[in-house]
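Reader: Hi! Could you walk me through this one?
Author: Happy to, let's look at it together.

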Amino acid sequence: MADNVSYGWAGYIARVNLTSGDITKESDEEMQQDYIGGMGFANKIMFDEVPAGTKWDDPENKAVLAVGPLTGSGVPLGGRSTWATLSTFTKDYLIVDCHCGGTLGAQLKYSGHDGLIIEGESETPVYILIDDDKISIEDASAFWGKGTRETTEGLCKKHGLDCCVAAIGPAGENLLPYACVMNARSHSAGAGLGAVLGKKKVKAVVVRGTKGVNVADPQMVADLSDYMLAEVLGSNNNHVVPSTQQSWAEYYDKGSRWTARKGLYWAAAEGGPIETGEPKPGEPNTVGYRCMKSTKDLGPEAEKYTVKMAGCHGCPVRCYTNVQVPRVKEITGYSSTGNTCVPNFPVSSYMPGIAPVAGITDEDGTLTDLSVVYNQVVSAIVDDLGLWCNYAQLYRDIAHCYASGIFERVLGDDYASYRFEDFFDNQDPTPIVKILTDIAMNQSEIAYVGHGPLVWTERWDDAAWYDNAKSCLINYRGWPVHHAIECFGQVGGLYNMMFNRDDMIHSAVNFQGCGLPIDLKKEMAKEMWGGEDACDPDKAYTPINDAKIEFAWWSIVTDVLHDSLTLCNWVWPMAMAPEKARDYRGDLDLEAQFYTAVTGVEVTTDDLYKAAERIMTLQRGYSSLGMTDAEGNMGCNDFRNVHDVITEWVFEKDPDLKAFEKGTDKMDRDDWQKALGMLYKRFGWDEELGCPTKQCLDDLGLDDLESALDEAGLLVDGGTPYDERTRTYSGVLSDYCGNNPALAQ
Amino acid sequence: MKENTALEHVGSGADRLDAFFTRRGFVKVSGAFVATMAALGLLPETAAAAPTSSKGKIDYYATPSHVLKINRAKCTGCQRCEMSCTLKNDGNSQPAAARIHVRDGFFYGSELGSGDGIYYSCEWNIRQCHMCTTAMCQTACPHGAIITDESTGVRSVDPEKCVGCGTCVAACPYHMPVVNSVTHKSTKCIACGRCAEQCPNGALELVEWENVNHASGPTRQENPDPLISEVQDYVGGGKVA
Ligand code: SF4
Ligand code: SF4
Ligand code: SF4
C-alpha cells in the first residue's frame, strides 16, 4: 500500500467558504513538484482564483495559508508558514506573502493539511476550527473586540491547551491596513493579513493536529540533522563566529548574533541563573544557547529579566527573547514579553535617529534599563492589538510625524492627549499605550499612520519623506528597506525591488554579518557565485558585475525556496559554517538532501532553485496583470519604470561622497539601471521591462500565466533561454562536506 | 488550587511515588509471589492493588536501566525532542504521538491558571516517562501488551497485543503513554535517548536509572498571575493603567 502514502506533504488543502459555509478538501498533488508548497502553493492558488484588479477588502480576495513538504518533518528550522493575500498598504493591492513562525505551520501539517484557503465573507464574527480532519466555522462573537492574548487563552480553554491559535486583534477587526495575525504570543503574519481576515470577520484560526508527517527515509533525516547541528549550523542569521573573543574560536565579530559568552546568563531562569557560556561547534546540545537575543537587542540591563530564549517549532537556534519585566507588567498587564525582530527593539533601534528618546541610552550610548521598558512595552502592546509595523516603518513614521510637527498640525485637539513630549522627552513610556491603541482602533486621525506611507504622506502632505534617507523607504509603492543597499550595495538594492512589500530576504545579509573576514568571504563567493567580486567590504562598493547579479539572483531564489519548503530564511541557506575543519564552508545541498529524504523524490539543488524561480516569476507575472500604469490603466509590464523604482535618496545621500567611494553605500543611477537589466536577464525576463518573457514562461512551464499575460496584451518575446543563463549549484561545496551522510551513500 | 495529585508539584515538589525497589535489575515473578508479597505488606499499595494482568507473568519490580532526566528551566520549547522521538521509533514525525511531551504545556503550562507557559512565566513542563519500578501502565494493561525488556528492564508496548484502549494512559500517574491517533496503538518511552541527542539546550539527559520524581520541576507557580481572560480585554483596554 506504500503507493498511497504521501511523504512530506499531507496531500490536501482545506477550503473554507465563509459566504456559503461550505468546507471542502482538495488534493494538492499536482502542485507539489512545480510549486513545492508554502509560498509556491499560496501564490499559485491566488493566481488561479483571485482575478487581477481585486481589492484587498473585496469578498473575492482570499487568504491562503500554506506549508511545504519539510514543515514539521523534523528538518531543523522547518517550522514556518506562508500566507498569501492582496496587499492592504502598497500600491495596487497586489499579492503579498505574509510569513510567520511559531507553531501554526507545524500544527496545520499535523492536522493533515498543507494549506487552508479562506474565501468569501462572513456576516458575523467567526473562527475556523481545524481539529485534524474535522473543520468547522464557529461563532466568535464572544471574542470579538478582544486582544490576541485573551482570544488565544479563551480558545485554548475551549478547545485544548495544545491548540495553536492564530488570531487577529482590534487592529484587524477595525480593518487597519497594518494589521497582522498572531500566534504563539509573538509570532506575526503581517502585510495587512489581519485586516483581510477582519474584513472576512475571521477572528482566529484554531488548529490541532495529532497526525504525523510521513518521512520516506527517517534515518537520513536524523543523520542529516545531526550533521547539520554538529558542524554546519551557526547562530541566528547563521552567524558563525562568536561576538567576543573565545579560546576555541579563530575569529570573533562584535556584530555577530552568536552572543553567548562566559559570564552572560539567563539570569531570571527558574531555579537560578543559567550561563550561556561558550557553546562550540560540534556540540548539538548547546546550539540553543548561542543566540542570547535579549541583551543583544535590549542592552545589558535586559540580562536580569531574561528567563530564557524560545522561537519557532522545530528550530534549534533559539532567537526569541523571553523576559519578565515588572514595569512592563504594570503598564500593560503582561508579564511575559519578547520577540526576535522589530517588536523586540522598536523604540531604541528606529526612533532615536529621527526623534531622540530621552533616557534610553547613557552617556556612552549604552542602552539603559529604561530602554528595556520602552521596547518591551511596545512589544506587548502591538502583539496584543495585532498591530503590524511594516518592518519598523510605523515607528520611524511616528517619530518623524512628531519631530517634524505633522502630528501637531493634523491631530487637532487630540494632539495633547497623546502626550508625545512625555514619551520622547520625559522618560515616560505610558503614552505609547494610547498612541498605539488609537492607531489599531482605526477611528481617529492618527490611525492613518497605520495605513502606510502611501496613504498618510498624501493625506498629510509629506511626499518628501520618501526621498529622505531617514525614512528608510526604499520603494515608492510603500515599503521600506529590508537589508537593502547597506547589504552589498546593488545586491541588496535589487532584491528589495522584487516583491510587493519589504523583501524579507536574509540569504545575503546573513553572509554579510556572519563574522568571517572579507578575504575568506571572497573565496567563498567565488565558489558559490562565480566571482570574488560578488561581494565587497561594507561601504566600499564597486560597479555592478556578473557575480553580484548571480549573488542577488541566488538571494532571491533561496528565499523563495525556503518560504515554500518551508524553512527559515532568517538562518538558511547554509552558505557558511562555524567549523574551522571545513574551512567555514557551508553546505548548499542540504535543502535538496532533506527534500529527498523526507519526500522520497530525488531532486538536486538546481531543481529546487528552478522551482523557486518559477514561483518568483509567477508572482511577477500575476503582479503585472493588476499593476496600473502612469495613466492608471490596469495591466502593466513596465516593471523598470513602474514597480522597481528605488527611492531617490539612495543616489543623493552622503553629498560629499561619490558612489563607489569608500565610506558610502550611495548608488549610481546608470549603474543601477544597468544592474536591473542584468538581473532581469538572469531571470529570463525582458531586459528592458523586467517582465516575464515567452521564453522564460516556456522554460518554466508556466503555461497558464503565459495565456493570461497574452490575453492581457502583456506577453513579450525575447528572454534568454534557461540553459544560457543558469549556473550549476549542486555540489559546489561538496569538497568541504566529507561528513555529509547523504554523500556517503 | 485544586486537589493535589501525583502530577502536581509546587516548588521543589514532593515525592509521591516512592520507588519500592531501587536496585538495578529485573525480577520476573509469578502472580502467586506478588500475592504473597502483597499479603506480607512488602509491596507498595499501588502495586498490590493492581491485579496481575499477564497471567502470572507480571514483571513488577523491573528497575529500568535508564531514565530521562529533565531540566525545564533549560527548555526553549523547540519540540525537536518530540519529532526526533517519533522519527526514530515510528518512522514519521508526529509530536502528538511522541513519548515525551512539551507541546501541550508550552502555551499555558500544566493547566490554565498554573501561571506557566510562554504567556506567563515562560516555564513549562517537559513531561517524560519516570521509568517506574512499579509501572502502573504495565500493571493496568488488560491485554498484557506492555512488556519488559529482559536486558534493560524498560517497559515497552507490544503493538501486536495493544488494542488502543487507553487504560495505560489513565493508569500512569503522569499520563505519559499516548494512544497514537493514526495507528490506534499506545506508545511509551523506551529510553532510547534520541530526544536528548537532538535537544539544543541540553534540557534532557539519558542517565542511569534514578528516581526522577523529585526532579521534574514544579508544575505550577506558587503565586500565578491572574488569567488575562479574567482581568483585561486587551492592553490599554480600560482595565489597566
Ligand atoms: S528516550 Fe527515546 S523513546 Fe523516550 S522520549 Fe526520548 S526519544 Fe522517545
Ligand atoms: S509510562 Fe507512566 S507508569 Fe509507565 S513507566 Fe512511564 S511513568 Fe511509569
Ligand atoms: S528538544 Fe529540548 S529544548 Fe526542545 S522542547 Fe525538547 S526539551 Fe525543550
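Reader: Let's start with Ile439(A). What does it touch, leaving out residues up to four places away in sequence?
Author: Ile439(A) touches Leu176(A), Leu387(A), Leu394(A), Ile398(A), Ile446(A), Ala447(A), Val449(A) and Gly450(A), where contact means heavy atoms within 4.5 Å. Bear in mind that this is a predicted model: local features need pLDDT of at least 70, side-chain atom pairs count only at pLDDT 80 or more, and totals for chains, interfaces and linings use all residues. Residues are numbered from 1 along each chain as its sequence is written, chains are lettered from A and ligands numbered from 1 in the order in which they are written, and side-chain values use heavy atoms, with hydrogens and water left out.

Reader: Where does Ile439(A) sit, and is it buried or exposed?
Author: Its place is in helix α15 of chain A, residues 431–441. Ile439(A) counts as buried because its relative accessibility is 0%; the cut-offs are under 20% for buried, over 50% for exposed and partly exposed in between, with a 1.4 Å probe and protein chains only.

Reader: Nice. How is chain A divided into domains?
Author: Domain 1 covers 12–208, domain 2 covers 291–468 and domain 3 covers 481–725, with bounds from an automatic or database domain assignment.

Reader: And what lies between domains 1 and 2 of chain A?
Author: In domain 1, 36 residues are in contact with 36 residues of domain 2. The two domains bury about 2700 Å² between them, 57% of it on carbon and sulfur atoms. On the domain 1 side, Arg149(A), Tyr178(A) and Arg185(A) lose the most area to domain 2, together 29% of what that side buries. Buried area here is the accessible area (1.4 Å probe) that two parts lose on being put together, summed over both.

Reader: How many salt bridges link them?
Author: Zero between domain 1 and domain 2 of chain A, taking a side-chain nitrogen of Lys or Arg within 4 Å of a carboxyl oxygen of Asp or Glu.

Reader: Switching to chain B, which residues surround ligand 3?
Author: Among them are Cys75(B), Cys78(B), Cys81(B) and Cys199(B), along with Val102(B), Ile126(B) and Pro200(B); near means a heavy atom within 4 Å. By class, that shell has nine nonpolar, three polar and no charged residues.

Reader: What about the classes around ligand 1?
Author: There the shell has eight nonpolar, two polar and two charged residues. Ala, Val, Leu, Ile, Met, Phe, Trp, Tyr, Cys and Pro count as nonpolar, Asp, Glu, Lys and Arg as charged, and the others, Gly among them, as polar.

Terms used
Helix = DSSP H or I, 4+ residues; strand = E, 2+ residues; numbered from the N terminus.
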